[in-house]
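Please read the points with the structure open.

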Amino acid sequence: MFLKDYVGNTPIIKLEKTSNSLYADIYVKLEFLNPWGSIKDRAAKSMVESGIASGKITNNTILVEATTGNTGISLAGLCASMGLELIIVMPEYVSEERKKLLTMLGATVILTPKEHNYAGAVSKANELAKQPNHFLVDQGNNPANPLAHEQTGREIIDFFDGTPDVFIAGIGTGGHCNGIGNSLKQHNKHVKVVAIEPVQAAILSGKTPMNKVNSDHGILGIGPGIIASTVDQSVIDDVFVIDEHTAKQITREIIKNEGLLLGFSSGASIACAIEYAQQPENEGKKILTIAASQSERYLSAGL
């Protein structure tokens, strides 16, 4: 068995204390228990294995990817374990923990100016990948990203012996939101899929004009300020817009009250779940969201 073989099959727990005062029950899938600490392990494994199977990645290939951190860390851990070289391009506003973890895992880290937003990192990665023997992982356009979550969906269906009534996920490249959402809807077309985006980059909901987008919004991991081709809006039934203050406040409350060490995007997801669970029409329903990564990656970012 290799380290990558332990990606997946993460537990689901009910937020007992939080759910007690609500109409619906909130469940969380603990994706931070993957080997490299986030749900992005699934997509990283899927995209690299797909590249190897197609012959685009060999032992001598240099992988290149733009990321705000978690995908990069997952790729760096995977590449370190497989002996592959990796270049990661990130906006300079990402947390210090992300930069340090990537360096420790042996990745080459290139930072782009924060005023260029996440799109600037994508542009730089595309430029670098044009060099000979370089491969752009391209999570925002790589179908192996959402396909990784067919397995995640099966794990959820096995746990509930069916599906939750509502599935909530932060939206970045759309990998797990769309991948899991699609898997659940294939099993039960009545599942409601809710995507979460930050108020400063609320482009799916149309609340933020493209010329006003700021991807340095404080909720790392969601709201990149672009709509990736891996985002299938037909799977999404509703979009929940959240501000940085609320996301951070709920993150801190869940850490203290439930003992879960979460990051900001997970707190944003749970904030949305609480909002739905407070509605009388959702009485008795089961709401599932994702704990995508752990607190340690956010300590320098105001957690």
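**Helix packing**

1. Lys40, Asp41, Ala44, Lys45, Met47, Val48 and Ile52 in H2 meet Asn70, Thr71, Ser74, Leu75, Leu78 and Met82 in H3, where contact means heavy atoms within 4.5 Å. By class, the contact of H2 with H3 has 7 nonpolar, 3 polar and 3 charged residues (Ala, Val, Leu, Ile, Met, Phe, Trp, Tyr, Cys and Pro count as nonpolar, Asp, Glu, Lys and Arg as charged, and the others, Gly among them, as polar).

2. This is a predicted model, in which local features need pLDDT of at least 70, side-chain atom pairs count only at pLDDT 80 or more, and totals for chains, interfaces and linings use all residues. Residues are numbered from 1 along each chain as its sequence is written, and side-chain values use heavy atoms, with hydrogens and water left out.

3. Helix H2 spans residues 40-54 and helix H3 residues 70-82; the two pack at an angle of about 50 degrees, with their axes 8 Å apart. That makes H2 oblique to H3 (under 35 degrees is roughly parallel, over 145 roughly antiparallel, 65 to 115 roughly perpendicular, the rest oblique). Axes are lines fitted to C-alpha atoms, for helices over the stretch in contact, and angles run from 0 to 180 degrees between N-to-C directions. Helices are DSSP runs (H or I, at least four residues), numbered from the N terminus.

4. The H2 and H3 crossing is right-handed, whereas H3 passes H4 in a left-handed crossing (left-handed if the near helix is turned anticlockwise from the far one by less than a right angle, right-handed if clockwise).

5. Between H3 and helix H4 (residues 96-104) the angle is about 15 degrees and the axes are 9 Å apart. H3 and H4 are therefore roughly parallel to each other.
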